[in-house]
Amino acid sequence: MAEEDEDKEDTQGCKGDQGLGGETSQNPGCLDIPEDKRKALGFRYKEASCKDKGEGRSRGRQGKGSSTRGMIIGDILVLRKNPGRKRAQRMLKGKIKTVCFLKQISGKKRKPEIEVLAGDGLKTIHREAGCLFELDLSKFMWSPGNRRERERMQGLVKPGETVIDMFAGIGYWSIPIAKACPECRIIAIDINPEAIRQLERNCQLNGISNISARVGDCRELAKDLQDRADRIILGWIFRPESFLDAAFRMLKPKGIIHFHYLDRFLQEEELKRAAERAGYSFRILSDVKVKQYSPRTYHRVMDLEAWK
């Protein structure tokens with residue numbers, strides 16, 4: 001997903017855990033900062049109540065009746081509320097070189113609208129899941145809430161498999177998988193040419209050679225990639241059912257689709273109809289919670305084993 005993703009609702013004030021990233025999840029709002037770094041940044045933090053501690057959700061308080069929430073990406077602190085430039089300037093401590101305010105994420109390419117409050121530059125290198133990701137936060141999203149799912153995927157892909165990432169972004173899913181399983185082959189698709197160029201740079205940064213990147217709409221490219229994939233990552237959570245026809249077309253007669261969705265909006269009948277149209281039967285191997293997207297909605301991923 002294009003990570004990217006994703007979180008149009010949350011960027012306007014919901015409490016989800018998605019983030020800048022394309023990773024399409026993506027609550028750009030949550031912060032996972034060790035205690036020593038919290039104090040160094042000048043915030044008083046109180047851990048938010050969260051059943052899933054792995055989500056790393058916290059809130060920083062600015063004063064009575066207000067709060068500042070954010071996350072560290074590389075050496076950039078991204079805030080969900082604007083604390084003012086003077087306060088932001090005091091946050092330039094330790095590894096933090098830039099403090100910025102995320103206004104919203106919008107458009108088909110999920111481009112962040114972001115304002116630099118202190119420091120300069122929105123280019124950084126973020127380390128996660130044993131990989132390095134170079135990105136420009138004025139152009140691409142990042143979702144720390146997707147970390148556990150990235151790590152889970154690293155353990156699922158097997159040598160010799162062909163994986164198609166339908167919404168690759170800058171390599172949110174593809175690069176960790178390729179790094180963990182150099183014997184697999186990944187075809188990474190994204191409609192955004194800038195994202196694909198960044199993905200290719202990230203491949204070089206990580207010494208990866210088993211990803212081939214393609215620019216285009218995955219629905220239009222599906223014809224050329226028919227029956228190619230052992231495994232499909234359908235990482236777009238907004239009406240993902242509309243991309244199932246393309247996913248089944250690219251899948252081999254037997255394979256797995258990792259189907260990302262928002263639980264409140266899942267159209268189960270559309271999933272069944274898409275499988276029937278393509279001549280597939282399927283069963284659900286697992287249904288995993290990735291993160292909270294908004295107060296009553298979760299981003300989940302369903303592993304579908306399909307066969308003809």
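1. Nonpolar cores. A nonpolar core is a set of buried Ala, Val, Leu, Ile, Met, Phe, Trp, Tyr and Cys residues joined through side-chain atoms within 4.5 Å. In this predicted model, the largest such core has 36 residues. V78, L137 and I211 have the most contacts inside it. Several elements each supply at least two residues of this core: strand 4 (70-73), strand 5 (76-79), strand 6 (98-106), strand 9 (131-136), helix 4, strand 11 (185-190) and helix 5. As background, nonpolar side chains tend to be buried together in soluble globular proteins.

2. Helix 3. Which residues of helix 3 are buried? In this helix, residues 147-154, they are E149, R150, M153 and Q154. These four sit on the same side of helix 3, because they cover an arc of only 150 degrees around the axis.

3. Partners of helix 3. The helical partner is helix 4 (174-180). The strands are strand 8 (123-128), strand 13 (229-234), strand 14 (251-262), strand 15 (281-294) and strand 16 (297-307).

4. L205. This residue belongs to helix 5 (residues 193-205). Its relative accessible area is 35%, so L205 is partly exposed. Leaving aside neighbours within four places in sequence, L205 is in contact with I125, L132 and E134. Take the pair L205 and L132: they are 73 residues apart in sequence, yet 6.9 Å apart in space, C-alpha to C-alpha.

5. N206. Is N206 buried or exposed? N206 counts as buried, because its relative accessibility is 8% and the cut-off for buried is under 20%. N206 lies in the loop between helix 5 and strand 12 (211-215). With neighbours within four places in sequence left aside, its contacts are C131, L132, I175 and K179.

6. Cysteines. How many disulfides are there? The count comes to zero. C184 shows the reasoning. The closest cysteine sulfur to that of C184 is in C181, 4.2 Å away, which is too far for a bond; a disulfide needs the sulfur atoms within 2.5 Å. C184 is buried, with a relative accessible area of 3%. C100 also counts as buried, at 0% relative accessibility.

How values were computed: Residues are numbered from 1 along each chain as its sequence is written. This is a predicted model: local features need pLDDT of at least 70, side-chain atom pairs count only at pLDDT 80 or more; totals for chains, interfaces and linings use all residues. Side-chain values use heavy atoms; hydrogens and water are left out. Buried means under 20% relative accessible area, exposed over 50%, partly exposed in between (1.4 Å probe, protein chains only). The arc is that of the directions from the helix axis to the C-beta atoms. Contact means heavy atoms within 4.5 Å.
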